Amino acid sequence: MKNFKLGDKRPIVISGPCSAETREQTLETCVQLAETGVVDMLRAGVWKPRTSPGSFEGIGEAGLEWMAEAKRLTGLPISVEVATAKHVESALKFGVDVVWIGARTTVSPFAVQEIADALKGNDVAVLIKNPVNPDIDLWAGAVKRFAAVGIPIENIGLIHRGFSYFGSSRYRNPPMWPLAFEMRSRFPDMMMICDPSHMAGSTEYLHELSQTAADLRYDGLMIESHICPAQALSDAKQQLVPGDLEKLVRSINWRKEVADDPEFVTALKLYRDQIDQIDAELFSLLSRRMKISEEIGRVKRANNVIILQSSRWGAIKERILAQADKLQLGREFLGDILEAIHLESINRQNSVMNFEE
Ligand code: PEP
Ligand code: MN
């Protein structure tokens with residue numbers, strides 16, 4: 001089989017079980033995935049970083065044997081997660097084509113450095129998942145550690161799997177898309193693959209997240225699949241049987257990036273002009289609103305009154321959220337904007353009340 005090269009196929013679809021559990025489950029899943037014709041690379045976790053000890057922590061090297069067998073049977077390249085130098089050594093021994101760094105590992109510069117040192121001089125590709133916490137410098141730092149030991153930049157790719165978030169969200173790990181855009185602007189030519197499985201945490205959101213990734217020009221998808229998700233030893237709720245994975249992948253519309261049809265170009269320009277105009281108005285209104293907040297700060301200071309008057313803020317929030325339906329804006333979205341505006345108003349009032357001469 002010819003050596004796998006990152007970037008040879010875009011978009012790339014990587015699929016396989018969250019964990020290799022038994023030989024039968026691993027091979028059945030991988031063979032069925034290969035038969036769909038929509039999968040370009042197989043994946044499985046053989047060492048599982050689990051939040052709590054005592055959960056299934058992976059099958060270890062036996063899983064690598066099964067993956068190597070899956071590679072022989074299907075002709076597809078294989079990928080596994082590595083978290084230590086020892087894992088790298090085993091993965092290389094079994095002919096793994098791509099290793100990935102898990103989200104819980106990317107947060108640790110010691111671990112990343114150890115893996116980078118172990119990979120030095122090898123031509124396997126490495127995919128770096130975003131760290132669990134929304135910290136772009138940490139993600140970028142991991143890329144730099146691999147590049148610094150001499151891994152060619154074209155052998156390094158990124159996997160966006162969402163960020164852990166303290167608050168309520170319908171997703172297990174909300175994507176926070178702008179963070180991935182920032183990463184892309186730092187590494188413009190690097191493959192960026194979306195992992196909707198770990199973002200979603202549930203099969204019901206896989207389609208919307210995958211389509212969004214396609215529309216945001218991602219270079220591929222990594223999606224978990226299991227022959228019997230209900231019995232999976234890890235991530236049972238988010239895995240699809242191979243047949244459903246095929247349907248999902250076929251339903252994604254990878255739209256083209258540009259079109260030169262003159263009617264399209266004109267329509268787009270008109271809409272973009274409108275957006276630019278609206279943005280200008282929106283931000284000039286925000287600027288006026290902040291100046292008024294400062295005036296409020298001044299009168300509060302003159303009367304020695306505290307900044308935060310929660311009943312007033314509660315009333316503003318309620319009044320605006322009540323209009324959500326009429327405005328056709330989601331309550332979560334409105335809530336986020338209101339929070340951001342409120343925070344900035346408080347900061348402005350604070351600087352006027354405490355630091356203005
Ligand atoms: C996985 O891919 O199975 C995994 C453990 O993912 P993450 O590191 O994104 O949690
Ligand atoms: Mn998983």
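Let me begin with a term: a residue is called buried when its relative accessible area is under 20%, and exposed when that area is over 50%, with partly exposed in between. Please also keep in mind that the model before you is predicted.

I turn to helix H1, which runs over residues 23–36. Which residues of H1 are buried? They are Gln25, Thr26, Leu27, Thr29, Cys30, Leu33 and Thr36. As to its length, H1 has 14 residues and reaches 20 Å from its first C-alpha to its last, close to the 20 Å expected at 1.5 Å a residue. After H1 comes Gly37, which has a positive phi, near 80 degrees.

Is Lys71 buried or exposed? Its relative accessible area is 17%, so Lys71 counts as buried. The side chain of Lys71 makes a polar contact of 3.0 Å with the side chain of Asp97.

Next, the backbone. Most residues other than glycine have a negative phi, and most peptide bonds are trans.

The peptide bond that joins Arg10 and Pro11 is cis, with an omega of about -10 degrees. Pro11 belongs to the segment before S1.

Met176 is not a glycine, yet its phi is positive, at about 45 degrees. Met176 sits in the loop between strand S6 (156–160) and helix H7 (177–186). With a relative accessibility of 24%, Met176 is classed as partly exposed.

Gln328, likewise not a glycine, has a positive phi of about 55 degrees. Its place is the loop between helix H13 (324–327) and helix H14 (331–355). Why is Gln328 classed as exposed? The reason is its relative accessibility of 71%, given that exposed means over 50%.

I come now to ligand 1. Which residues surround ligand 1? The shell consists of Cys18, Arg43, Lys48, Glu81, Trp100, Gly102, Ala103, Arg104, Lys129, Arg161, His198 and Glu224. By class, this shell divides into 7 charged, 3 nonpolar and 2 polar residues.

Several side chains place polar atoms beside oxygen atoms of the ligand. For Arg43, a polar side-chain atom lies 2.7 Å from an oxygen atom of ligand 1. For Lys129, an N or O atom of the side chain is 2.8 Å from a ligand oxygen. For Glu224, the corresponding distance from a polar side-chain atom to an oxygen atom of ligand 1 is 3.2 Å. How much of ligand 1 does the protein cover? Of the 300 Å² of accessible area that ligand 1 has on its own, the protein covers 97%.

The protein has 14 helices and 8 strands, and its C-alpha trace spans about 75 × 50 × 40 Å along the principal axes. Of its 357 residues, 45% are buried. Among contacts between residues at least 6 apart in sequence, 74% join residues at least 24 apart. The accessible surface comes to about 18900 Å², and carbon and sulfur atoms account for 54% of that surface.

Thank you for your attention.

Definitions and conventions. Residues are numbered from 1 along each chain as its sequence is written. Chains are lettered from A and ligands numbered from 1 in the order in which they are written. This is a predicted model: local features need pLDDT of at least 70, side-chain atom pairs count only at pLDDT 80 or more; totals for chains, interfaces and linings use all residues. Side-chain values use heavy atoms; hydrogens and water are left out. Helices (H or I, at least four residues) and strands (E, at least two) are DSSP runs, numbered from the N terminus. The expected span of a helix is 1.5 Å times one less than its number of residues. Buried means under 20% relative accessible area, exposed over 50%, partly exposed in between (1.4 Å probe, protein chains only). A residue is near a molecule or strand if one of its heavy atoms lies within 4 Å of it. A polar contact is a pair of N or O atoms within 3.5 Å; within protein, one must be able to donate a hydrogen and the other to accept it, and residues adjacent in sequence count only if both atoms are side-chain atoms. Accessible areas come from the Shrake-Rupley method with a 1.4 Å probe; for residues, only the protein chains shown count as cover. Ala, Val, Leu, Ile, Met, Phe, Trp, Tyr, Cys and Pro count as nonpolar, Asp, Glu, Lys and Arg as charged, and the others, Gly among them, as polar. Contact means heavy atoms within 4.5 Å.
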